[in-house]
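Subject: Handover of a structure, with notes

Dear colleague,

I am passing on a structure that will be new to you, and I would be grateful if you could look through it together with the notes below. Please have the sequence and the model open while you read.

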Amino acid sequence: MTRRALALAAVAIGQVSPNPLVGCIIVSEAGELVGEGTYVYDNVLHAETIALNQAGVRAKGGTAYVSLEPHSHYGKTPPCTDALINAGITRVVCPIEDPNPLVSGKGFEQLRSNGIEVVTGILADEAAKQNEKFICWHRKKRPFVHLKLAMSLDGRISLKNSISTALSNEAALKHVHDLRHEYDAILIGGNTAFVDYPSLTDRSGKLRRRKLVRIVLDNRLQIPVGSPLVFKANETPTLVFTNSKDLKKIEELHAKGVEVIEPEQGGRNLDVILAQLAERQIQSVLVEGGMGVAGAFCDAKLVDKFTFMIAPLVIGGCEAPSAIGGKGAETLNDAMNLSDIQIVRHGSDIEITGYPNTAAANE
Ligand SMILES: NC(=O)c1ccc[n+]([C@@H]2O[C@H](COP(=O)([O-])OP(=O)(O)OC[C@H]3O[C@@H](n4cnc5c(N)ncnc54)[C@H](OP(=O)(O)O)[C@@H]3O)[C@@H](O)[C@H]2O)c1
């Protein structure tokens, strides 16, 4: 049942940020499934309330399976703990606490003090992974950073001279759009904006609550005025972080709807840039390269998750850019060690996803 609650929560991917994904199931005293709910930000009602409304009087004496700790405070809605207590629920099964320090543990506490049995920990890792962006946001006070790169078998992300190169096959590209759908923003470096003319849009075809924000780190303001990042900025927001004083280009970009931001601490300080994104309620960022920007995030130990999409190609040569630039590791001990590795095939392409040890270390 907890798995079912997690599946219900997942239905709203792309529709809850900056709030968490939550699903709820009510099982009656007789063991019958009598209510189901999925939280969607714009529908306001919480998953528990939707499921309890469906269950009606059949909730009395029943069990609620909730994917994240029910909240016990007054926000946009009254406390879900009150709703569970008032409905006569006798047992709540919930894998993890809410990471928000203001509410963490308090929901469970209130349920227990009202005589409700609370069972925690079942499928806790899956539940935490489902809300990894929300959890990072509360624990690290910055957006969750997922670095995704397409590369050849020999680790190159394009041909020599940084020529724009589509390495992934169609199935892999389709998956990338599903991935983009999970994120509040996509970030690239100025060279990629210049070379690739990317659109960086979410073409998953799925509903999303907020527009995907496109971010370019570009101190030389290489971003071409004719690129889709600029001429479509009124449809899909584009932010450019720069320390350039090229007022003419800045004016041109502004005129097309691009927001140009000059961080006081310079255009390269990733902590400052992430803090500015956090101020805009951007909870998660998919970094899509290139090599320079990928290296900067790795050197700063600011990557929470990696995805490498590997195409069955061998590019070779000394000049084709490798996946990750920057300073890199001096010793194997300094190299990032990935765990919880997932391998998925997309036709002939192989997707490898994992979590670096540095992500846990800097919590
Ligand atoms: N296969 C893939 O997944 C993939 C994805 C993206 C790109 N690419 C390819 O990668 C190549 C471009 O890679 P690249 O390494 O040349 O460019 P990049 O990473 O897109 O951009 C690097 C530039 O970003 C700017 N920047 C701003 N803040 C930075 C920071 N904190 N640290 C580092 N750089 C920062 C710098 O320019 P300023 O000094 O002007 O700020 C730097 O030169 C292209 O060939 C593109 O096609 C491949």
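Across the interface of domain 1 and domain 2 there is one salt bridge by the rule used here, where a salt bridge is a side-chain nitrogen of Lys or Arg within 4 Å of a carboxyl oxygen of Asp or Glu. Before the details, please note that this is a predicted model, in which local features need pLDDT of at least 70 and side-chain atom pairs count only at pLDDT 80 or more, whereas totals for chains, interfaces and linings use all residues. Residues are numbered from 1 along each chain as its sequence is written, and side-chain values use heavy atoms, with hydrogens and water left out.

The two domains

The protein chain is divided into domain 1, residues 2–130, and domain 2, residues 141–361, with bounds that come from an automatic or database domain assignment. Taken over C-alpha atoms, the centres of domain 1 and domain 2 are 35 Å apart. Where they meet, 10 residues of domain 1 are in contact with 12 residues of domain 2, contact meaning heavy atoms within 4.5 Å. About 960 Å² is buried between domain 1 and domain 2, and carbon and sulfur atoms give 44% of that area; buried area here is the accessible area (1.4 Å probe) that two parts lose on being put together, summed over both. In domain 1, the residues that lose the most area to domain 2 are Ser17, Pro18 and Lys129, which together make up 49% of what that side buries.

Seven residue pairs, both members at pLDDT 80 or more, are in polar contact between domain 1 and domain 2; a polar contact is a pair of N or O atoms within 3.5 Å, where within protein one must be able to donate a hydrogen and the other to accept it, and residues adjacent in sequence count only if both atoms are side-chain atoms. The side of domain 1 that touches domain 2 has four nonpolar, four polar and two charged residues, with Ala, Val, Leu, Ile, Met, Phe, Trp, Tyr, Cys and Pro counted as nonpolar, Asp, Glu, Lys and Arg as charged, and the others, Gly among them, as polar.

Salt bridges

The structure holds 17 salt bridges. One of them joins Glu36 and Arg4, with the closest N and O atoms 2.9 Å apart. Glu36 lies in strand β2 (residues 33–38) and Arg4 in helix α1 (residues 2–10), so this pair ties together parts that are 32 residues apart in sequence; helices (H or I, at least four residues) and strands (E, at least two) are DSSP runs, numbered from the N terminus. Glu36, at 23% relative accessibility, is partly exposed, and Arg4 is also partly exposed, at 37%, given that buried means under 20% relative accessible area, exposed over 50%, and partly exposed in between (1.4 Å probe, protein chains only).

Lys129 also forms a salt bridge, with Asp340, and the closest N and O atoms are 2.9 Å apart. Lys129 is partly exposed at 30% relative accessibility, and Asp340 is partly exposed at 43%. A further salt bridge is formed by the side chains of Glu132 and Lys305, at 2.7 Å from N to O. Glu132 is in helix α6 and Lys305 in strand β12 (residues 305–311), which places the two 173 residues apart, and both Glu132 and Lys305 are buried. Lys140, Arg142 and Asp304 are linked in a network of salt bridges.

Helix α6 and backbone details

Helix α6, residues 132–140, is mostly covered, with eight of its nine residues buried; among them are Phe134, Ile135 and Trp137. Just after α6, Lys141 takes a positive phi of about 60°.

Where are the cis peptide bonds that are worth checking by eye? One joins Ser17 and Pro18, with omega about 10°, and Pro18 lies in the loop between α1 and β1 (23–27). Another joins Gly289 and Gly290, with omega about 0°, and Gly290 lies in the loop between β11 (284–287) and α12 (291–299).

Tyr197 has a positive phi of about 50° although it is not a glycine, and Tyr197 lies in the loop between α8 (190–196) and β8 (213–217), where it is partly exposed at 42% relative accessibility. Asp340, found in strand β13, has a positive phi near 55°.

With kind regards
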